[in-house]
Amino acid sequence: MSTTRVNTNQQKSFIFTGWHMAGVMVLFFGTIISVNFYMAYNAITSWSGLVAQNTYVASQQFNGKAAEARALSATGVTGKLNVAGSDIRYEVFHLEDGPVAADSLTLQFKRPVGEHQDFELDLAPGTKGVFTATHELLPGQWIVDASAFRDGKRILHQAERIAVLRGQ
């Protein structure tokens, strides 16, 4: 007697066809291409990427600028920026001796990204070591580069990053 086994389980089998592969390829490469276009768009519409006009000249000047920064830091002269609305106040002082007289003070306001809103502002001297100006600042991040001079020599060079909030 022979017994024959009959398979009663019917399985649906999935067949991976060329259309499935085409779909996988479109999704895979479509994602990569979309991300690349998005990143390229952000790169083009944001920061210019320009750090120095001439990198060779900048590299030649680096040691001199670093030495000047160390010498200015050793003097103990520092500054404090205060922005309240459109009123800008900058105090130049010595860490131990108090206010320091200066002939002029210039502030360069630079955006961390992009150059189209950058500007320079000469502040008017007030009392000893205090300089003021009125200028409307747009909200956002700013890098403020301060330079104070006395008798034609720089006595302060300081940079700081500030955040201007809406309605501040």
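A salt bridge here is a side-chain nitrogen of Lys or Arg within 4 Å of a carboxyl oxygen of Asp or Glu. The model is predicted: local features need pLDDT of at least 70, side-chain atom pairs count only at pLDDT 80 or more, and totals for chains, interfaces and linings use all residues. Residues are numbered from 1 along each chain as its sequence is written, and side-chain values use heavy atoms, without hydrogens and water.

**View 1. Salt bridge between E91 and R89.** The N to O distance is 3.2 Å. E91 is partly exposed at 27% relative accessibility (buried is under 20%, exposed over 50%, partly exposed in between; 1.4 Å probe, protein chains only). R89 is partly exposed too, at 35%.

**View 2. Salt bridge between R154 and E68.** N and O lie 3.2 Å apart. R154 sits in strand β8 and E68 in helix α2, so the pair ties together parts 86 residues apart in sequence. Helices (H or I, at least four residues) and strands (E, at least two) are DSSP runs, numbered from the N terminus.

**View 3. Salt bridge between D145 and K110.** The N to O distance is 3.6 Å. Strand β7 holds D145 and strand β4 holds K110, so this pair links parts 35 residues apart in sequence. D145 is buried, at 12%; K110 is partly exposed, at 29%.

**View 4. D151 in the loop between β7 and β8.** Phi of D151 is near 55 degrees, a positive value in a residue other than glycine. Most residues other than glycine have a negative phi. D151 is exposed, with 66% relative accessibility.
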